[in-house]
Amino acid sequence: MTALIEVAAHLAPEAVPIADMAPRLRLSDRDLALFHRYFGLKEVRLAPDADLRDQIVSAARELAGLKGNEDRVSYVVSARTIPLCARASENPVHAAVDELGLSHAQVFTVTQQACASGLAAVDLAGRLLAEDGDPDALALVLTGEKALWHRSQMLPGTTVMGESSAACLVSARGSGDVLRSYVTRTYGEYYNVDLPAPHGEEFERQYPHMLTSVIREAVDAAGIELEDLAWILPHNVNRISWARAAKLLGYPRSRIYLDNVPLLGHSFCADPFVNFAGLRDSAQLRTGDFYLTAVVGLGATFAAAVFRH
């Protein structure tokens, strides 16, 4: 079974108050108040002196289990929200792979599911390893991106993007945090990021229902009940969307890990893994706990996965 052998997070070094970003993001005082009071967003973590290669290498180097096991890594999977990440003459993922001593591995990118691509990459990595049949083989999943231009720095009326990154070592042997279920649903009618007003209002109304539906499907597929989940690890878009989801689910809001929302911003595909690392490091996960990660990618893909710690 697919399992997370190890997860590491690299928090971008510079904490920037959203208020300081307001002129660049063209946020009015009303917008800023909405972000602060309603969405629970205060600051984001950025890495102005790092490029994408630096970000993902920094995350991978936090993995204690990678050093000395480089020869066991068969796949390196870069999960991305934004398909284009560099000039045509540059390949930051392959440059990172070379720096990490993994040039022998097969390297590719998973995208087209926006911020839900990270969970897809973990599931795909496990399937590839299982098909290969080598019980000792590993895959390295890399997440985290640069917010380089205005459109990638903010989702208007929703969130501000951060630049933290995460790396996962994946195995098909079933040791570690075992993947019990993975469910994804794409609602193509909402493919346009800039939805026209009636369609955008409809998406906003349906969003919590689509999110909670995929969560319930993942719980059912894992063969457990919702109350068996010790935690839900969200994407860090904002607090209000998760308050609505908790109410619809009848699930305690206190068990949705929202600690990073006001501090990090929405770090593209890295959010669920950054949140896992934070929860683990705070000693709030116990052996045997079930937890669920849930993410939404514009376009619109809703995904959820249940793991057992």
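1. Strands β12 (290–297) and β13 (301–308) pair in the antiparallel sense over eight bridges; two strands count as paired if DSSP finds at least two bridges between them. Residue F290 has R308 in β13 as its bridge partner. Strands (E, at least two residues) and helices (H or I, at least four) are DSSP runs, numbered from the N terminus.

2. This is a predicted model, in which local features need pLDDT of at least 70 and side-chain atom pairs count only at pLDDT 80 or more, while totals for chains, interfaces and linings use all residues. Residues are numbered from 1 along each chain as its sequence is written, and side-chain values use heavy atoms, with hydrogens and water left out.

3. The open sheet has nine strands in the order β5-β4-β6-β9-β1-β10-β13-β12-β11, with mixed pairing. Its edge strands, β5 (106–110) and β11, each pair on one side only. From one strand to the next, the twist averages 25°.

4. Helix α3 (residues 52–61) packs on this sheet and touches β1 (3–10), β6 (138–143) and β9 (165–171); contact means heavy atoms within 4.5 Å. The direction of α3 makes about 50° with that of β9. Axes are lines fitted to C-alpha atoms, for helices over the stretch in contact, and angles run from 0 to 180 degrees between N-to-C directions.

5. The largest nonpolar core holds 47 residues, of which L211, I215, L229, W242, L292 and F302 touch the most other members. Such a core is a set of buried Ala, Val, Leu, Ile, Met, Phe, Trp, Tyr and Cys residues joined through side-chain atoms within 4.5 Å. Buried means under 20% relative accessible area, exposed over 50%, and partly exposed in between (1.4 Å probe, protein chains only).

6. Elements that each supply at least two residues of this core include α1 (18–25), α2 (29–38), α7 (197–221) and α8 (239–249). The largest share, eight residues, comes from α7. Leaving aside residues up to four places away in sequence, L211 touches W242, A245, A294, V296 and F302. A second, separate core of 36 residues includes V7, A116, A230 and A303.

7. A search of the whole structure finds zero disulfides, a disulfide being a pair of cysteine sulfur atoms within 2.5 Å. C115 is in no disulfide, and the nearest cysteine sulfur, that of C269, is 5.4 Å away. C115 counts as buried because its relative accessibility is 7%. C269 is also in no disulfide, and is buried with a relative accessible area of 0%.
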